[in-house]
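Thanks for coming. I have one structure to go through today, and I will keep to what can be computed from it. Please have a look at it first.

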Amino acid sequence: MPRTLRVKPYEQPAGGWGSLQSVARHSVRQANVGTTRELLQHHNKPGGYMCTSCAWAKPAEPHMGEFCENGAKATFWELTSRRAEPSFFAEHPVAELLSWSDHDLENQGRLTHPMRYDAASDRYVATTWDEAFRTIGEHLRSFDPNSVVFYTSGRASLETSYMYQLLARLYGTNNLPDSSNMCHETTSAALPEVLGVPVGTVLLDDFEHTDCILSFGQNVGTNSPRMLHQLQQARERDVPIVVFNPLREKGWEEFVNPQSPTQMVSNRATSIATQYHQVKTGGDIAALVGMCKALIEWDDEARASGRERVVDAHFLEQHTHGFEEFAQFIRKQDWADIEAAGGLSRQAIEEAARTYCQAEAVLAVYGMGLTQHWRGSESVQMLCNLLLLRGNIGKTGAGICPVRGHSNVQGQRTVGISEKTELVPLSRLAELYKFDPPAEDGLTTVDACRGIIDGSVQAFIGLGGNFVRAVPDRNIMEDAWRRLNLTVNIATKLNRTHLITGQTSYLLPCLGRLEVDEQATGPQAVTMEDSTACIHASRGVAAPASEHLLSEPAIVAGIAKATLSPNPHVPWDEWVGNYALVRDAIEATYPDDFEDFNARMDTPGGFARPLPARRRQWNTDTGKANFQLPSSLTANLDTESAEPLLRLMTLRSNDQFNTTVYGYRDRFRGIHGSRQVVMMNQRDMTRLDITDGQLVDIRTIADDGIERRLSGFTAVEYDLPEGCCAGYYPECNTLIPLWQHDQLSKTPAFKSVPVHITPM
Ligand SMILES: Nc1nc2c(c(=O)[nH]1)N[C@H]1C(S)=C(S)[C@@H](COP(=O)(O)OP(=O)(O)OC[C@H]3O[C@@H](n4cnc5c(=O)[nH]c(N)nc54)[C@H](O)[C@@H]3O)O[C@H]1N2
Ligand SMILES: Nc1nc2c(c(=O)[nH]1)N[C@H]1C(S)=C(S)[C@@H](COP(=O)(O)OP(=O)(O)OC[C@H]3O[C@@H](n4cnc5c(=O)[nH]c(N)nc54)[C@H](O)[C@@H]3O)O[C@H]1N2
Ligand SMILES: [Mo]
């Protein structure tokens with residue numbers, strides 16, 4: 001269906017009446033009005049279910065409705081009354097469905113039957129679970145285990161994830177990439193070198209005690225809206241909030257709490273950011289170097305004149321390694337270079353540094369604007385350097401807070417979904433299950449893509465997600481995907497990845513987290529870990545979408561039993577009948593993190609994993625927190641180009657969850673009706689002879705001989721720094737070269753694609 005673009009700046013705050021209207025619209029469209037509204041009472045509450053949208057922390061004392069606009073949309077979307085039944089697939093051949101939009105595919109509703117792809121009729125046809133497991137098992141037994149990829153999207157529970165990693169390892173491979181490899185893997189790779197932990201150190205309580213909040217590259221109003229409660233409360237205590245983001249995102253500007261009758265009636269918003277720095281994309285290293293430079297210069301002056309130190313000398317001495325070298329490096333940096341790389345003036349950077357210095361306890365939140373860059377890890381480590389200077393790790397009200405994406409993406413890594421053997425207690429698994437786990441590292445997401453392109457990967461099992469749509473180099477990947485021998489997708493809704501079929505393809509429908517999961521010993525609970533490393537139980541409350549669905553643990557066990565030779569130490573059936581036994585197995589594997597797991601999983605607010613860095617114990621090579629020097633002032637890949645080069649950021653709208661496009665209203669950015677747009681700075685438009693609303697051609701600048709191009713996108717004039725532009729994910733994924741990724745973690749550089757834009 002052709003869509004018409006409308007651009008209308010949004011004058012309202014985040015939250016407020018706009019948010020209520022949007023929730024109401026979605027509840028009506030998914031035709032589940034009454035029931036779902038009742039269910040929302042159990043949302044993110046102890047004893048209830050944990051939201052399927054973002055991973056933000058759930059408080060011990062929840063609000064009356066502990067949900068946000070986007071959490072409510074995710075709930076409606078999962079509990080829709082629509083169904084994609086076998087009759088739907090009989091009517092529509094796969095070739096036809098391939099021409100449908102992401103929105104229209106998922107909007108068909110919940111999958112109801114296990115389906116097998118029939119090449120002769122080019123259709124998915126219903127099959128039985130027995131047949132599906134048997135055929136999948138036969139195929140898997142015929143492959144070299146290292147040619148099979150076991151991908152996980154970040155939604156599956158700790159129980160499912162633990163079983164899934166064990167299936168892969170018993171089968172013989174560590175090929176366990178997950179969506180984290182495209183997301184916060186940068187964090188998981190960068191933080192251990194510096195702080196000795198792969199996750200953030202901040203707890204929800206810290207927001208109540210902090211004196212200053214820094215934010216880098218995260219869009220709170222859209223992607224973790226419940227955090228606005230903590231931000232609003234901090235603002236009520238007059239806590240400064242300093243934001244670095246190329247775009248002026250609504251959530252960081254002002255917020256009306258839809259759950260506060262007084263605020264709703266008066267429509268008086270709380271302003272959130274006290275400083276808003278529109279850094280250039282990839283310019284955070286420069287901004288952070290600048291802040292550190294200001295601090296160290298002020299500290300040098302203080303020391304010279306005998307005044308109180310600006311850095312926390314005691315902390316630096318006791319707890320850190322490499323400070324002197326770092327300070328020398330920082331002193332040598334030139335303000336002109338810092339200003340050019342970050343796009344911020346020295347004055348603005350010093351203003352931020354002053355606010356940082358005046359606070360006793362500072363916490364920093366960050367998202368994809370830091371992680372998805374060529375030097376994403378260096379950006380994250382530079383943020384740690386700044387925090388370390390004043391001892392802002394391991395004290396109340398302070399710390400580093402990566403805002404994770406999927407609702408259990410952090411937890412999956414905790415229980416063994418990882419391609420990196422060093423992160424997994426393989427010897428413990430060997431002891432518990434009496435087998436020899438594969439010793440070599442498996443494939444990351446980027447390496448899995450390479451393997452699919454070069455033919456060394458033969459089969460792909462997807463536990464959720466929309467892999468082909470989420471990865472870079474979409475066109476190349478779609479072609480390569482068809483050569484796969486076997487693809488198996490465990491999913492709730494239809495998406496494009498399911499339609500690009502390998503030689504043998506199965507689509508296996510599962511229960512969603514919100515549904516009652518009845519097994520041999522009764523209804524089951526599952527668990528997940530939030531962004532602050534707190535673990536919560538979740539119990540489904542809605543009736544299953546179809547009687548033919550199996551739970552994710554049951555599907556994993558079904559594939560395992562059909563593939564592996566029996567192992568008396570791995571009780572697949574007992575586990576499926578009683579998830580508490582899986583939790584016992586998790587506890588046996590990770591006794592420190594999961595002590596008394598079954599007893600503690602209902603702790604209000606979750607139970608916190610014991611993180612050494614929170615206690616200022618540093619599990620690093622030096623036994624201290626390590627300063628790390630950046631190799632450049634920019635996080636962007638240096639690209640030589642004779643043509644005018646812009647840096648494209650690919651972003652989420654306020655009406656999507658990753659590749660799930662709920663609709664076409666990016667309300668906060670005022671962009672409605674179409675996602676085929678590119679937001680541009682007015683001076684760049686003039687320079688490139690492009691007018692507002694004009695159709696343009698976007699081409700990636702890369703010297704690898706591959707043409708990556710999108711045509712017919714509409715240029716929209718937008719308030720972002722010169723030299724930067726922005727488009728939507730996943731529409732722009734064709735433009736992103738697979739090899740442009742973070743140097744340490746291989747997280748794709750989705751936020752700084754060098755492009756050339758011309759009028760059509
Ligand atoms: N409703 C909803 N919630 C979600 C999701 C969703 O799609 N919809 N997705 C979930 C997932 S998996 C994730 S990972 C998170 C993602 O949540 P975010 O981390 O907020 O991810 P993005 O939407 O990609 O936006 C990143 C922000 O970084 C800014 N930015 C871009 N480049 C730079 C840069 O170089 N420097 C700085 N300082 N800023 C930059 C952009 O302007 C944007 O505001 O949200 C999760 N929650
Ligand atoms: N250009 C660009 N690309 C990006 C990003 C970006 O910012 N820019 N962000 C990256 C990031 S941060 C991420 S996390 C990835 C996301 O990549 P993925 O996690 O692979 O993608 P999603 O869109 O979250 O997956 C949606 C699908 O999951 C399935 N699903 C939903 N719920 C369930 C469930 O309960 N169980 C099962 N089994 N399946 C379920 C549905 O079928 C749905 O279609 O994309 C990455 N790609
Ligand atoms: Mo993510």
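I start at ligand 2, where a polar side-chain atom of threonine 650 lies 2.9 Å from a nitrogen atom of the ligand. That is a polar contact, a pair of N or O atoms within 3.5 Å; within protein, one must be able to donate a hydrogen and the other to accept it, and residues adjacent in sequence count only if both atoms are side-chain atoms. Taken alone, ligand 2 exposes 930 Å², and the protein buries 96% of that; accessible areas come from the Shrake-Rupley method with a 1.4 Å probe, and for residues only the protein chains shown count as cover.

Before going on, note that this is a predicted model: local features need pLDDT of at least 70, side-chain atom pairs count only at pLDDT 80 or more, and totals for chains, interfaces and linings use all residues. Residues are numbered from 1 along each chain as its sequence is written, chains are lettered from A and ligands numbered from 1 in the order in which they are written, and side-chain values use heavy atoms, with hydrogens and water left out.

The side chain of serine 153 places an N or O atom 2.7 Å from an oxygen atom of ligand 2, and the side chain of arginine 155 has one 2.9 Å from a nitrogen atom of ligand 2. Around ligand 2 there are 31 residues, the closest being Glu106, Glu552, Thr659, Tyr729 and Asn733; to be near, a residue needs a heavy atom within 4 Å.

Now ligand 1. Its surroundings come to 30 residues, and Asn245, Glu249, Gly282, Asp284 and Asn658 are the closest. A polar backbone atom of asparagine 219 is 2.7 Å from an oxygen atom of ligand 1. For the side chain of glutamate 249, an N or O atom is 2.6 Å from an oxygen of ligand 1, while aspartate 284 has a polar side-chain atom 2.7 Å from a nitrogen of ligand 1. On its own, ligand 1 exposes 920 Å², of which the protein buries 99%.

Next, the domains. The assignment, automatic or from a database, gives domain 1 (83-182 + 408-513 + 543-601), domain 2 (186-406) and domain 3 (646-759). The C-alpha centres of domain 1 and domain 3 are 31 Å apart. In contact, meaning heavy atoms within 4.5 Å, are 22 residues of domain 1 and 23 residues of domain 3.
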